[in-house]
Amino acid sequence: RFLDKSKTIVIENNKLKIEASSDGAKINHLIIKEYSKKEKMEFDLIEKHDRQEYLVLQASLNGEAIDPDTVAWEAEKTANKIVFKSEPRGNVIIKKEIEIQPDTYQGKIRIIIENNRDDEMRIDNCVLHWGPLKHTKENRFNVKQAVILQGKEITRIKTKKKSKSTRIKLSDGWAGMREQYFCAIFSSPEKQDIVSVEIVNSEDQSLDMELNLAAKIVPPNSRIAYEISFYFGPQEYQRLKDLGFNLHKIVNFGWFHIIGVAMLYILKVFFKITGNYGVAIILLTILIRGILWWPTQKSYTSMKKMQGAMSKMQPRIKTLKELYKNNPAKLNEETMKLYKEYQINPMGGCLPMLLQMPVFFALYKTLTTAVELRGAEFVWMWKDLSSKDPAYILPIAMGASMFIQQKMSTPPAATPESATQQKMMLYLMPIMLTFFSFMWPSGLLLYWVVSNILSIGQQVLINKKV
């Protein structure tokens, strides 16, 4: 039984809720139910915008373009399927089906063209729209992207402040739109109905995706169908990897991807043991600090020894500067001899610290990308480790611990001028990072605070030893 033309139709399973409208035969709301259980945590993959074109269909029949705004649609549904049927246009009927599979984020879109005429009909310029996805300033970690995988080559296109169009062929791959935690991915691996993808950047920093479908001929009194598979859901790395087709590549852990994936697996293991992602982050931090204990120990020890040696060397360095003030090459040569005499390696305090940088950046990307942290509680104050600290306790603790850590490791100043500079940096860096961190996710700040506390403890042990 067909419903009224302006009717809203809803289909759902235990993971997805799709609300579509017969006005344009498009999706108005797409609720990720599994991540919408808590109050004010409901996530709608469809963004509110003046121009919503999620699954809007455009095509040309025998060279005559069909304006999607002029097509009248009727709709019917079953438990897991919506069927839109257009009014007849010269004995041609278009059907659009949206079907979701039970207990999954997957489903299919079918576009069926019925030719009830006595002559064949050509279909071209057939395009399925998805968008817009708009950049917002509220969350700097919520990066909006179009992601296209063609063979082994992946292309990521971000929102920009200028109009630009990018077309990519898609004979073997998939196309998707993603934000910080969720994504929509489309593919047609069997029939290869999607021949190319066009990503349109608008000046309002919004992205639109157009799936260009293959041109086809419909014989007289017959029908043809396009079939597109979709995934509407969270960017859970392992879930996407298990689905195949390299869908997991839509998740972006940055330059240190392998380290980020390893950390995510460890984080999930600790969560299974403790049942709390806050505790899991603390255990992961302790594990990382344990792995990096030896290179950090070497770094701190080297810096501490260098501080003491530099104090003794200052009079001799001053003498060398006076002796060779007109001969920089000789001054450098004699200074290096002095370093060797006092057994100082100028890079000794730097190289071990560099080993920690890939770990930090990988963990930074993991904690700001992993959907598992969305809505994850630590204690009563931190209800969502993916959002900012409501009481600003963690940012202040991060700044204070960073100040203590810097004060303990700052070497004695060689001159009054350098003492002033050191004092400025001692206060400026913690204050500046504290200010920036007010909007950072609580999970990232929890890691940073615990890491700083462990570093301070390690520095205390070294100060007593050296």
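## Ala184 and its strand

Start with Ala184, which sits opposite Phe232 in β19. This is a predicted model, so treat every detail here as part of a prediction. The pairing of β15 with β19 is antiparallel and runs over six bridges. On the other pairing, β14 (residues 173-178) also lines up with β15 in the antiparallel sense, this time over five bridges. There, Arg178 is the residue opposite Cys183 in β15. β14 and β15 make a hairpin, with three residues between them.

Is β15 enclosed or open to the outside? Buried means under 20% relative accessible area, and six of the six residues of β15 (residues 182-187) are buried, so the strand is largely enclosed by the rest of the structure. In a regular strand, side chains alternate between the two faces of the sheet. You can follow both faces of β15 here: Phe182, Ala184 and Phe186 lie on one side, Cys183, Ile185 and Ser187 on the other, and all are buried.

## The sheet around it

Nine strands make up an open sheet, and their order is β6-β7-β8-β9-β19-β15-β14-β11-β12, with antiparallel pairing. The edges belong to β6 (73-77) and β12 (153-158); each has a single partner strand, so one side of each is left without a neighbour in the sheet. From one strand to the next, the twist averages 20°. As for what holds such an arrangement together, strands of a sheet pair through backbone hydrogen bonds, either parallel or antiparallel.

β6 runs antiparallel to β7 (residues 81-86), and five bridges join the two. Within this pair, Glu76 stands opposite Val83 in β7.

Gly131 and Pro132 are joined by a cis peptide bond, with omega at about 5°. Pro132 belongs to strand β10 (residues 121-134).

Which residues other than glycine have a positive phi? Gln205 is one of them, with phi near 60°. Gln205 lies in the loop between β16 (194-201) and β17 (206-213). Its relative accessibility is 16%, which means Gln205 counts as buried. Asn221 is another, with phi near 50°, and you'll find Asn221 in the loop between β18 (216-218) and β19 (222-234).

## A nonpolar patch on the surface

Time to move to the outside. Val279, Leu283, Ile286 and Leu454 form a nonpolar patch on the surface, and together they have about 260 Å² of accessible area. Helix α3 (residues 277-291) gives the most to this patch, with three residues.

Leu283 is in helix α3. Why does Leu283 count as partly exposed? The partly exposed class covers the range between under 20% (buried) and over 50% (exposed), and Leu283 has 30% relative accessibility, so it counts as partly exposed.

## The whole chain

Finally, the big picture. The chain has 10 helices and 19 strands. Of its 466 residues, 48% are buried. Among contacts with a separation of 6 or more, 65% are between residues 24 or more positions apart. The chain exposes about 23700 Å², and carbon and sulfur atoms supply 57% of that.

Terms used:
Residues numbered from 1 in each chain as written. Predicted model: local features only at pLDDT ≥ 70, side-chain atom pairs only at ≥ 80, totals over all residues. Heavy atoms only, no water. Patch = residues over 30% accessible without salt bridge, like charges linked within 9 Å, V, L, I, M, F, W, Y side chains within 5 Å. Areas by Shrake-Rupley, 256 points an atom, 1.4 Å probe, with all protein chains shown as cover. Salt bridge = Lys/Arg side-chain N within 4 Å of Asp/Glu carboxyl O. Helix = DSSP H or I, 4+ residues; strand = E, 2+ residues; numbered from the N terminus. Buried < 20%, exposed > 50% of the residue type's maximum accessible area, 1.4 Å probe, protein only. Pairing = 2+ DSSP bridges. Axes fitted to C-alpha atoms, helices over the stretch in contact; angles between N-to-C directions. Contact = heavy atoms within 4.5 Å.
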